[in-house]
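Please look over the structure below before reading on.

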Amino acid sequence: MLSTKLDELRTRLEEIYDLKGITCLLEWDMEVLMPPKGAEARGRQMSTLAAIAHRRATDPALGTLLDELSDDDSLLPDDKLMVAEAQHDFRRATCLPEAFVREQTEAHSNGYSTWTEARRANDFAAFKPALERNVELARRAADYFGYEQSPYDALLDHYERGMTAARLRALFGPLATSLKDLVARIASSPSKPDVSWLDGTTWNLPAQEKFSHRVLKDMGYDFDAGRLDVAPHPFCTNFDLADVRITSRYFEDMPFSSLQSAMHEGGHALYEQGFDPDYRGTPISDAPSLGIHECNSRMWENMIGRSLPFWRHYIGVFREHFPGQADAITADQAYAAVNQVAPSLIRVEADECTYNLHVIIRFEIECDLIEGRLAVGDLPDAWNAKYKEYLGIDVPNDANGCMQDVHWSAGLLGYFPTYTLGNLYAAQIFEKILADMPDLWANVESGKLLGLREWLREHIHLVGRRKMAPEIVETITGKAPDSAAFLRYLETKFGALYSLNGK
Ligand code: ZN
């Protein structure tokens, strides 16, 4: 009798999962293959599907079934967890009234198109009403979700369960101070990596793609359960555990940028390909947070792809892909080229040392907006003042200032901190990986990357949502998430690259 109820739950969850997979397939096609005239119909198809998926996810019969199953103590521990997590998703999906969801969807899509135009015209005043609306809706959503201390906590919870604004302030405050100090020491260092060999060079695009393909294969990305395609923005999407796709983009004058994108998205994809197949389509086979997802992508992109041992092996592979053109380039030159540090205006182009300052600025502004200390009209001034304070940069215009990111236009508030959390989790976990696998660097140096994938599979991928992100970090490292390991990592790496003395 009970197993029948559990079967019914699995059927319902897998249906919702399939509908999500089909939506992802439509989105992937829209970015990769769709002809321009298909856009209108595609928008319609996706909202039709979204409505069907929402109806299934909020079906009162699903709620009743979950209530019944949650009272049953005879369930196996994993099944009990599956029920609890499905119940969490059900509550989250049903606590917003339908009229409010419609209002939100409309405001976000209007916000996105308004932002696209306003950014092109560098006209913040044109974007302001749409952003005001999104902030107001985010506050109302927080009220519906409920929170203890700050309405920001309710928004954050959607992306990083269990994290709070207060906890982030305690993490990010000291981190910002240390990063500012490190960036200042790098800026005043007379020793700068020489990257002049890159000036005026061009790099064949199909060869770049083949090089990325080769590294992804070495990482253990399963091309029989995925594809690498070209899209304007790199992303990873999941139609099913057995079909996880990634996209990258290629620039003729930047030989390494496409590889970094591919390794980043590849890190996300290995996670998605590595979920527990026994719980396919259920919340158990899913990531508990965006931060822990980003931990995987950044570990591959930065800690491996921007390491010297990696380049000691892959410079040879790189030369094979660009015959005659890269013969004189050394591993040290490539390593220096992918690790240049300089404060800059644009987050997505920032290096490992300055990147998190961009994120911390956005976190502080989001808190001020949501907690009512900052009016949207004052956003450009607040933004520019923080860029001066944290990065020493004068922001020339709003298009490249407070309007540079898409997130706020689409109502994504509380999302940015997950990028920095991913960096912190990655560094903290990587110290433990090195302790567990003393030969990791020797293996990387001979092009053997699979060991890392296996470790991550066992300790993170297969865990899925059986644990939340802070719990995963704590189980692995014995400590709650903090920034100490990340700062140690930066000091060691960039201290050597920029010959920094002192602390
Ligand atoms: Zn990512």
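Predicted model: local features only at pLDDT ≥ 70, side-chain atom pairs only at ≥ 80, totals over all residues.

Residues are numbered from 1 along each chain as its sequence is written, and side-chain values use heavy atoms, with hydrogens and water left out.

**Salt bridges**

- The structure holds 43 salt bridges, a salt bridge being a side-chain nitrogen of Lys or Arg within 4 Å of a carboxyl oxygen of Asp or Glu.
- R465 and E85 form one through their side chains, at 2.9 Å from N to O.
- This pair links distant parts of the chain, 380 residues apart: E85 is in helix α4, and R465 is in the loop between α18 (450-461) and α19 (469-477). Helices here are DSSP runs (H or I, at least four residues), numbered from the N terminus.
- Both R465 and E85 are buried; buried means under 20% relative accessible area, exposed over 50%, and partly exposed in between (1.4 Å probe, protein chains only).
- A salt bridge also joins the side chains of R133 and E103, at 3.8 Å from N to O.
- R133 lies in helix α6 (residues 124-145) and E103 in helix α5 (residues 98-120), so this bridge ties together parts 30 residues apart in sequence.
- R133 is partly exposed at 31% relative accessible area, and E103 is partly exposed at 26%.
- Within helix α6, E136 and R140 are four residues apart, which means about one helical turn separates them. Their side chains meet in a salt bridge of 3.7 Å, N to O.
- R10, E14, D18, D240 and R280 are linked in a network of salt bridges.

**Helices α7 and α14**

- Helix α7 (residues 151-159) packs with helix α14 (residues 355-370) at an angle of about 130 degrees, and their axes are 9 Å apart. Axes are lines fitted to C-alpha atoms over the stretch in contact, and angles run from 0 to 180 degrees between N-to-C directions.
- The two helices, α7 and α14, are therefore oblique to each other: angles under 35 degrees count as roughly parallel, over 145 as roughly antiparallel, 65 to 115 as roughly perpendicular and the rest as oblique.
- From α7, P151, Y152 and L155 meet F363, E366, C367 and I370 of α14, where contact means heavy atoms within 4.5 Å.

**Q87**

- Q87 is found in helix α4, which spans residues 77-94.
- Its relative accessibility is 14%, so Q87 counts as buried.
- Leaving out residues up to four places away in sequence, Q87 touches L66, D67 and S70.
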